Every structure is written in structure tokens, then in C-alpha cells.
Amino acid sequence: MTELIVQQNWFVWMTLLPLGAAVATFLAPGQARWIGLTTALFLPFCALAAIAATVFSTAQPLTVGNWPTPLGIELRTDGLALVMLAVTALVGFIISCYALGYFPPRQHHLSRTHYFWPLWLFLWGGCNALFVSGDLFNLYVTLELVSLASVALIALEGGKAALAAALRYLFIGLLGSLAYLLGVGILYATYATLDITLLGEIISDSRLNHAAMSLMIAGLVLKSALFPLHFWLPQAHTMAPAPVSAVLSALVVKAAYVVLLRLWFEVFPALDTLAIGHLLGLLGCVAIIWGSLMALRQERLKLLIAYSTIAQIGYLFLVFPLARGEAMAGAWVGGVLLMMTHACGKAAMFLMAGTIHHTAGSDRISRLAGAGGPIGVQVVVFTLAAATIIGLPPSGGFFAKWLFINAALATGQWWYIAIILSGTLLAAAYIARVLGWAFLDVKRSSYPVIPWVMKWPPLALSVIALVFGLIAYAPVQIALIGAPVSVPLLVEFGP
Amino acid sequence: MNTVSLYAGSGIILFSLGLHALLIRRHLLRKILAANIMGSGVFMVFIAMGARGESGVADPVPQAMVLTGIVVSLCFTAVAIVLAVRINKLTGCTTLAVDEESSID
């Protein structure tokens, strides 16, 4: 039995299963809900099995079709791939459950229900393929798969604002990935290989490589919406239906960031990246402050959450200036931890915002006045999910920020601590503003009844996000399997 | 100046021209064309890299990648045109300057 689990290449199934199910849901729209839910139920188990396979036996990278590496595509499961597969499976499962309630079976918007499932499963399969790719060109193809599915999902609402947001997102995605692809071409011209591990070993510090690196990083920064290239994100993420917003904010943005992490730590460690690291860190700082201030000013709940995503992306980019010397592992793990916990927290927030919109009939924060009575539970779930965004203990956000602060101290870059702490304060402020409106003493009429799948799955996700810090040690140990960093997580400061 | 750098240089110039047009032009069809020209520029760089093989035979890997790239670019163009046509039908305009007033309610 154990042999059977360990010998399988589960991560290949995690790509093939959603892609196959996507085709099936497209061909049999009547059965889409059940095919989708079964796939979503199966994937977390696949993720667990993939982790078990890697932990209990040394998993070999798989080369598709057994072609030698410049021609064949190498798929592998290192720690980063495993934890991202698992988090995507967990968040994806919850989002799928929620979507069952959000897109009811019989409705006059029949087309919406029809197209959500195939597109969402394509996106999921694309994300999983991206995490296990060990080859720069394959990363490009999977990034394009993810962004094409996202474009179609944004356009699902069908209104003119949604279509415009989708088309703008398409142009942005295309621009970003073509810049990335040009960088890949330049690297291939010099080294005639696209394998990440091989490139990391032979790459040298030359001007051409710097040009390639700048192009690739610029493209990915655009795709992951770092300030000042975030302008497309609020519209794209808020025009979509609630489950789609959750997918985009929790998973799609992270896909580009995972590629960036791989490039920085596995392909380009030989290059002198001090200046670019500081630039990315500076932009991250501006993103934290500016995103939080904008979140504080928003009138609509979904826009508030979208700007909060921009601020959280800013934190992710602090990894690049902080990960040097003995703080390398701490900052890297902090980034991975923040990515995981933000995926859970932000997905729960967008799902709850959808439920609140559904019950209160409006997305305006001021219209929530007094909603705390009848839908108090929903508002409290929203707040629980927000705890990890603020970074309250014992959420994963708290531990991630702790690791960042430790790394900032160890590398003598104290100004990042000030930014992290003020970002935390601002996050607490914009969440408290929602609570303040919700619990005003205003009498409200009754609210419509909503299906239980729109309440309990988000609650489960926000509780996971909240206690993630306590259970994070095991995921962090898994993430460190085959990681490009190997020094103590926390740097001790003793007399 | 040899053939390889001529092709690679033209590819980079095409990429920059497309980038410029994608950012500056407002008409949606022009934006879509610009994105395609950017893509062609990148593909040309790849093809130029393929010429540099041992024993005068072209390296097949960049050509395989360009084929994949063309498929991806075709899909994107198709989706972009569908969206542009829908926007044109709904609003009557050919630009992205749809009123920024969101319609979430």
C-alpha cells in the first residue's frame, strides 16, 4: 500500500486531472457541477500523496516522454512546488464548494454556470503545471495558460466594465509574458539550455545576462502587480464574480511570484543583484503604504480587499533585499509562508465579501451600517480571515512578518521594520473601518437566506488562515526540501 | 554585421515598436496588432538563435519553442478579438475608455 502511494507520480495527475475534467465539464455542461466538485475533492488527496511520495522516498524528476533535457520537459517536485500544490488544492477545494452555492443550478444566467467550471479547472491545472515545471519555456507556457483562463473568468460577468477589465488584463498579461519570453530567448542564445538547475550552475555575471534578468523580472513584476505596475489589478479583481476574485487574488498573482522566486534564487544567484534587490524592496515598501492607504479610502468592500492585495504583494517583494547572507533562509521562508497564508486569508475574505454582498444586497461599505446584527457571523468570519492580513498572532501572517523583521535586523536594514509595522497598523485600520460600519446601532430589515456552502467553507478557510502559524512548522519543513537556501531560519542576537 | 545579429536586432526593434504601439495607441485593433508584432519580434530573436548550431545545421529547439509560441499568441489574439467585438457591440466605441464608474451593484 505504502509502496503504491510512494511510487506514483502524483504531481503529474494533479495537472492531468483538472485539465481532463475541464474538457469534460465543457463537453457535458449538465454534469459540470459534479465533475468539478469530484475533481476538487480528489486534488487535496493527490497533494497529500505527492508530499508523502517526496518525503518517504527520494522522488526523481520526471522527464516527459523520456527525451533528454534540452528537448524533453522536466517536471519535478521540490519543497516549494509541493507546498504550493497543497495550498492551491486546499483553497481550490473551498472555492469550488462555494461556487456550487454561488452559481445555482437553475438560473437565467445559464451561461455563467456553464463556463465557470471549465475555465476554473483549466486555471487550476495550469497553476499545478506551473509549480512543477523545471524549465523556463514551460514556465512561460503555463503562465500563459493561467492568464488566458483568468481573462475569460474576469469576462464571465459579461458587463462592459467587466469586458474592459478582462481585455486590459489580457494586454497586461501578454506584455509581461512577452518580456519574460525575450529574456528566455537571450539566455538560450548563450547557454543552449532552459533547465533551471543547469542554468543556475553555469550562468555567469555578464551584461547580456543582466539584460535577460531585467526583462524577465520586469515582465513578472507586471504580472504580479507590484507598485507602480498594479494599476490593472483593482478593476480586474473586483469586476469578477466572488469565487473568481478569490481565485485571482489568492492564486493567480502567486503563480507569477513563484516564477520570480525560482528565477531569483535558482537561476540568477551568481549575478550581482544588490541594486535590483533594493529597487524591488523600495517598490514593495511603497506598495505596502500606498495600497493600505488606498484600501482605507475605498467605498466598496471588494475594492478594499483588492487594494489590500496590492499591499500584501508589497510584503512579498521585501524578500529580495532581505534574503542575503545569513538571513537568506529566514527571508525566503517568510516569503513562502506569507504566500501560503495570504492565499488562505485573501480567498476567505473575497468569498465572505461575496456572501455579504449577496445578503446585504450591496457592496458599499456604508450600506453595511447595522448589518452586524442579522449577518454578524459573516462579518466576524470576514474579520477572522483579515487577522492574517493584519498579521495578528497566531496567524501565518504574524510569523511571516516576524521572519522578515528578523532578517531585516540581521542584515542591518532597519527601515524595512518601520514599513512592516506601519503596514500592519494601516491594515488594522482598514479592517476596523468595515467592522465599525457593520456594528453601528441601526435597525435593519430581514435578509434573504443564503445556502450553507456560502457560509461554512469560507469559515473553515479563515480558521485555517488564523491558526496557520501554529501548524506552519510542518509546511515550512516541507518547503525546505530541495530549497535553494540552507542556513538557520532565525538569526540569534545574543550579547 | 552577420545575419544572426541582423535578425536578432530586427527582432528587438520589432519588439520595441510593438511595445510602443501597445502602450500609446487607443484603438483596440491597433493594440491587438501591436501585441502580435511584439510577439513576432520575440519569435524572430528565437529563430536567429537557432541558426547558431554546430556543423551548419540549425538548432531545432528554438523552432519548436516558436511553434508553441505561435499557438499561444493565436489563442490570445482570438480571445482579444472576441472581447474587443463584444465591447464594441455593448458600448459602440473602439477603445478601452469605458466609463471607470464600476457597476458592481
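The model is predicted, so local features are given only where pLDDT is at least 70 and side-chain atom pairs only at pLDDT 80 or more, while totals for chains, interfaces and linings use all residues. Residues are numbered from 1 along each chain as its sequence is written, and chains are lettered from A and ligands numbered from 1 in the order in which they are written.

**The nonpolar core**

- The largest nonpolar core holds 233 residues, where such a core is a set of buried Ala, Val, Leu, Ile, Met, Phe, Trp, Tyr and Cys residues joined through C-beta atoms within 7 Å.
- A residue is called buried if 20 or more other C-beta atoms lie within 10 Å of its own, exposed if 12 or fewer, and partly exposed in between, with C-beta atoms placed from the backbone.
- Among the residues with the most contacts inside this core are A:L85, A:L153, A:I154 and A:A166, and the element that gives the most to the core is helix 7 of chain A (residues 160–191), with 22 residues.
- Helices here are DSSP runs of H or I with at least four residues, strands are runs of E with at least two, and both are numbered from the N terminus.
- Leaving aside residues up to four places away in sequence, A:I154 touches A:A162, A:A165, A:A166, A:Y169, A:A236, A:M239, A:A240 and A:V244, a contact being a pair of residues whose C-beta atoms, placed from the backbone, lie within 7 Å.

**Chain B and its helix 3**

- Chain B has three helices and zero strands, and buried residues make up 31% of its 105 residues.
- Of the contacts in chain B with a separation of 6 or more, 54% join residues 24 or more positions apart.
- Helix 3 of chain B (residues 60–91) has 32 residues and reaches 46 Å from its first C-alpha to its last, close to the 46 Å expected at 1.5 Å a residue, where the expected span is 1.5 Å times one less than the number of residues.
- The buried residues of helix 3 of chain B, including B:M65, B:G69, B:V72, B:F76, B:A80 and B:L83, pack against helix 6 and helix 7 of chain A together with helix 2 (28–51) of chain B.
- Helix 3 of chain B is followed by B:G92, whose phi is positive, near 80°.

**Where the chains meet**

- The contact takes 32 residues from chain A and 32 residues from chain B, and the largest share of the chain A side, 17 residues, comes from helix 7 of chain A.
- The chain A side divides into 22 nonpolar, four polar and six charged residues, with Ala, Val, Leu, Ile, Met, Phe, Trp, Tyr, Cys and Pro counted as nonpolar, Asp, Glu, Lys and Arg as charged, and the others, Gly among them, as polar.

**Backbone points in the loops of chain A**

- The peptide bond from A:F227 to A:P228 is cis, with omega near 0°, and A:P228 is found in the loop between helix 9 (207–223) and helix 10 (233–239) of chain A.
- The peptide bond from A:P393 to A:P394 is also cis, with omega near 0°, and A:P394 lies in the loop between helix 16 (376–390) and helix 17 (396–410) of chain A.
- A:A192, although not a glycine, has a positive phi of about 55°, and A:A192 counts as partly exposed because it has 15 C-beta neighbours inside 10 Å.
- A:A225, although not a glycine, has a positive phi of about 65°, and A:A225 counts as buried because it has 28 C-beta neighbours inside 10 Å.

Note on methods. Contact = placed C-beta atoms within 7 Å.
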